[in-house]
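Have the model open while you read them.

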Amino acid sequence: MPSKLKRVAVDPLSENNPITIQVLGICSALAVTVKMDTAVVMSICLTAVLALSNLTISLLRRAIPTRIRMIVEVSIIATLVILADQLLRAFAYDISRQLTVFVGLIITNCIVMGRAEAFALQNPPLPSLVDGLANGLGYSGVLLAVATMREVLGSGTWFGWRVLPEAYPGNGLMLLAPGAFLALGLIIWAQRTLSGHVEND
Amino acid sequence: MATDVEANGAAEPVLEVAPGPHVASGSLTTRRMMGDVLLALLPLVVVAVALFRQAALLQMAIAAVATVGGEALFARWRGRRATLGDGSALVTGLILGLSLPPGAPWYVGAIGGLAAAGLGKAVFGGLGQNIFNPAMVGRAFVMIAFPAALGAEAYLAPAAAAATTGATPLTALQMTGEVAPLGPLWLGLTAGSVGETGALAALAGGLYLCIRRTAAWQIPTGMLLAAAVIAGLVSLAGGSFTPAHHLGAGALMFGAFFIATDPVSSPLTPKGRFVFGAGTGALVMLMRTLSGYPEGVMFAILIMNAFTPLINRATIPTPVGGPVPRRA
């Protein structure tokens, strides 16, 4: 694998993580992380949409007129999101009910639009696909970490299995949105301490 | 200018111009203020221990140890010298302990103390930087995290009281419309959080704080006045609690003198302090009468804390010497 492509694949996982470094896509990270199963499904949906939208937009990048590029991008993303939503409803109705509007809201997820604008429009299909996958995985990693903290501390379970003793009283705060903020903040703190990332403005 | 003087070789008289204050006062140190608060809390602590015995001691000890320990730990993590000597962490912990129900499990006070020191103070940059009252941040944290552990069952009937029910007077009012007699209400012979029941003891300690000017008198005055006025209107409208009931019940007296008066998270100007107090009192009454919660002192104080910067800006006093031009 050429080193440039490798960078495209590795960067978003930690060094340029869409959630913890760029702080994008926070809304869904807060909303769907009460339980592991919703977080996993959301991660899969977003990664799939992101990879395919990057690929499609990259393939069309010479054909898209610059002045209406946003509209074209959104219609491509929206098509993919509707596909994902319909698939979920057909094959995982329960989870789809629990995710409510948040699958549909992938259309407005800043990560998808951001990668299309910042990467897919300027790069050939293969790197764009890799970039989409890597950013999706970076998002998924953080989502799963937040969901793990919230489900274990909030209900004492993980994927619905009881991991803490029955006597654990549960923590209502972790089940509410502020708990996700706390978990996300701690993860950002830990990651920036480990990677030595410093915000400079 | 300086080079001119040097060039001429003539030494001009040195005029030191430094911004005020020029006289340092040893009387308003953090340490002295916190010592005052501890002294003023003494009547409440005595009442609490008399009422709830070891349960009260346990809540206070756990919360105080957790808060002071948390303060030391977080200061260390941030590479700062832990300022435990000024007693501010001890006061925060003690107030947190006094605000918890006597029957709460041990981890409530422990986690509340850590949250108070960490989320309430350290994340903002330590003492003097926090925008919310740390003790109330800790209490709100555990109240939302463990609603069951801080629910009605955690409120024990005090050892010396005739009442057998564990319901606080405000809960009883909300649930059954039962009106607690005034005497026990003010003396503290009712169920309630460890240190909130003794309204008279809180008043005594609070007056001491105001006289010592450790607490700004405008805050409790505004808070109690607003609560009394609204309670009067409510009782005129057919409520069964009189203003005297409302002032003596729940954490109003304790909160007005000990919690709302936190100098860090309350306004700086006299007028602002009055507005802050009045707003807190009004919110307390609003929550008591119209919300699902029986009591609202904690949330009222936290909400008004958020308004403190705004109140400060709106009540900038005119300096001696006339009005200053208004800045946009």
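1. How much of chain B do buried residues make up? The share is 49% of its 328 residues, with a residue called buried if 20 or more other C-beta atoms lie within 10 Å of its own, exposed if 12 or fewer, and partly exposed in between, the C-beta atoms being placed from the backbone. Before going on, keep in mind that this is a predicted model, where local features need pLDDT of at least 70 and side-chain atom pairs count only at pLDDT 80 or more, while totals for chains, interfaces and linings use all residues. Residues are numbered from 1 along each chain as its sequence is written, and chains are lettered from A and ligands numbered from 1 in the order in which they are written.

2. Chain B has 14 helices and 0 strands, so its elements read α-α-α-α-α-α-α-α-α-α-α-α-α-α from the N terminus, where helices (H or I, at least four residues) and strands (E, at least two) are DSSP runs numbered from the N terminus. Of its contacts with a separation of 6 or more, 72% join residues 24 or more positions apart; two residues are in contact if their C-beta atoms, placed from the backbone, lie within 7 Å.

3. Where the chains meet, chain B gives 7 residues and chain A gives 5 residues. The chain B side has 7 nonpolar, no polar and no charged residues. For the classes, Ala, Val, Leu, Ile, Met, Phe, Trp, Tyr, Cys and Pro count as nonpolar, Asp, Glu, Lys and Arg as charged, and the others, Gly among them, as polar.

4. Take a look at α3 (residues 54-77) and α5 (residues 106-118) of chain B: their axes come within 7 Å and cross at roughly 35 degrees. Axes here are lines fitted to C-alpha atoms, for helices over the stretch in contact, and angles run from 0 to 180 degrees between N-to-C directions. The residues of this contact divide into 9 nonpolar, 7 polar and 1 charged. On the α5(B) side they include Gly109(B), Gly112(B), Gly113(B) and Gly118(B).

5. Helices α10 (residues 218-236) and α12 (residues 252-259) of chain B pack at about 155 degrees, with axes 9 Å apart. That makes α10(B) roughly antiparallel to α12(B), the word used for angles over 145 degrees. Pro220(B), Met223(B), Leu224(B) and Ala227(B) of α10(B) meet Leu252(B), Ala256(B) and Phe257(B) of α12(B), and the contact divides into 7 nonpolar, no polar and no charged residues. Because 8 of the 8 residues of α12(B) are buried, this helix is largely enclosed by the rest of the structure.

6. Over in chain A, α4 (residues 69-91) has 23 residues and reaches 33 Å from its first C-alpha to its last, close to the 33 Å expected at 1.5 Å a residue, that span being 1.5 Å times one less than the number of residues. Its buried residues include Glu73(A), Ile76(A), Ile77(A), Leu80(A) and Ala84(A). An α-helix has 3.6 residues a turn, so residues three or four places apart point the same way. Among the elements covering the buried residues of α4(A) are α3, α5 and α6 of chain A.

7. Ile95(A) sits in α5 of chain A and is partly exposed, because 19 C-beta neighbours lie inside 10 Å. Leaving aside neighbours within four places in sequence, Ile95(A) is in contact with Asp37(A), Thr38(A), Val41(A) and Leu88(A).

Conventions:
Parallel < 35°, antiparallel > 145°, perpendicular 65-115°, else oblique.
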